Amino acid sequence: MHITGIILLSIGLAVQGVFFGYEHLLVDRFFAIPAFLIAIGVIIFIIAFFGCYGAIRENYCMVLTFSILLILVFILELAAGISGYVLRNETMELVETSLRGSMQSYVNNETEAIHTTILWDSIQRNYHCCGIHNLSDWTTIENVKNTDIPISCCDLPPAALGTFTCNEAIVDRTGCLEEFGNFIEAHAVSLGAAGIAICIVQFVGIFFACYLARQIKNKQGGQQWEHT
């Protein structure tokens with residue numbers, strides 16, 4: 001039980017940490033599922049007490065309570081796993097909508113838009129991409145000249161001095177939807193896989209917990225019969 005709790009906590013925290021840097025681009029659903037896994041992991045640690053104590057004390061009520069709670073956790077894990085795979089199928093659409101909606105903020109000088117500007121530059125540098133589908137996406141937004149492209153779309157030449165202009169002639173990159181979207185999608189898949197895999201393990205745990213509860217009940221029933 002504790003192992004499954006640790007696995008869920010680890011995956012939930014890891015994915016939450018990865019997504020956290022892109023909170024200005026990703027919708028809340030990308031953060032809700034990792035948080036859900038973390039919550040399930042904490043719940044598993046709590047209900048493990050009932051199983052350990054009930055098994056040691058051979059307490060039927062405690063073991064039965066543990067079995068019921070395991071079934072509830074199984075349902076939660078299954079829901080988290082399915083949600084992860086559903087999110088994976090919708091990742092590209094959600095990411096494209098977020099990227100397209102944030103492009104206008106790139107050239108916005110307001111303070112709250114600075115985060116979006118920094119994030120776009122970071123994505124284009126780290127994932128070696130430009131625009132959503134290609135560099136032409138930057139030439140279609142308002143307040144941008146047809147020849148203006150963010151410098152983060154270009155690889156700065158070594159020892160560059162003075163001004164540097166990034167234009168279509170020197171940009172050879174794919175769109176960020178493909179590179180960044182695949183990165184987010186892969187982590188969404190890990191959420192779904194974790195939920196489903198732990199469900200399978202949990203199902204075995206439910207079987208043994210119910211079996212243990214039955215054995216304890218039979219043993220206690222036999223002892224009561226002997227006393228009478």
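This is a predicted model: local features need pLDDT of at least 70, side-chain atom pairs count only at pLDDT 80 or more; totals for chains, interfaces and linings use all residues.
Residues are numbered from 1 along each chain as its sequence is written, and side-chain values use heavy atoms, with hydrogens and water left out.

On the aromatic side, the structure holds nine pairs (rings of Phe, Tyr and Trp, the last by its six-membered ring, pair if their centres lie within 6.5 Å; planes under 30 degrees apart count as stacked, over 60 as edge-to-face and the rest as tilted). One of them joins Tyr22 and Phe183 edge-to-face, at 6.5 Å centre to centre and 75 degrees between the planes. Tyr22 sits in the loop between helix H1 (2-20) and helix H2 (29-57), and Phe183 in helix H5 (residues 176-227), so the pair ties together parts that are 161 residues apart in sequence (helices are DSSP runs of H or I, at least four residues, numbered from the N terminus). Phe183 is partly exposed, at a relative accessible area of 25%. Another edge-to-face pair is Phe207 with Phe208, 5.5 Å centre to centre and 75 degrees between the planes; both of these residues are exposed. Tyr22 and Phe183 also belong to one aromatic cluster with Tyr127 and Phe180.

As for helix H3 (residues 60-106), Leu72 is found there and counts as partly exposed, at 46% relative accessibility.

Note on methods: Helices (H or I, at least four residues) and strands (E, at least two) are DSSP runs, numbered from the N terminus. Buried means under 20% relative accessible area, exposed over 50%, partly exposed in between (1.4 Å probe, protein chains only).
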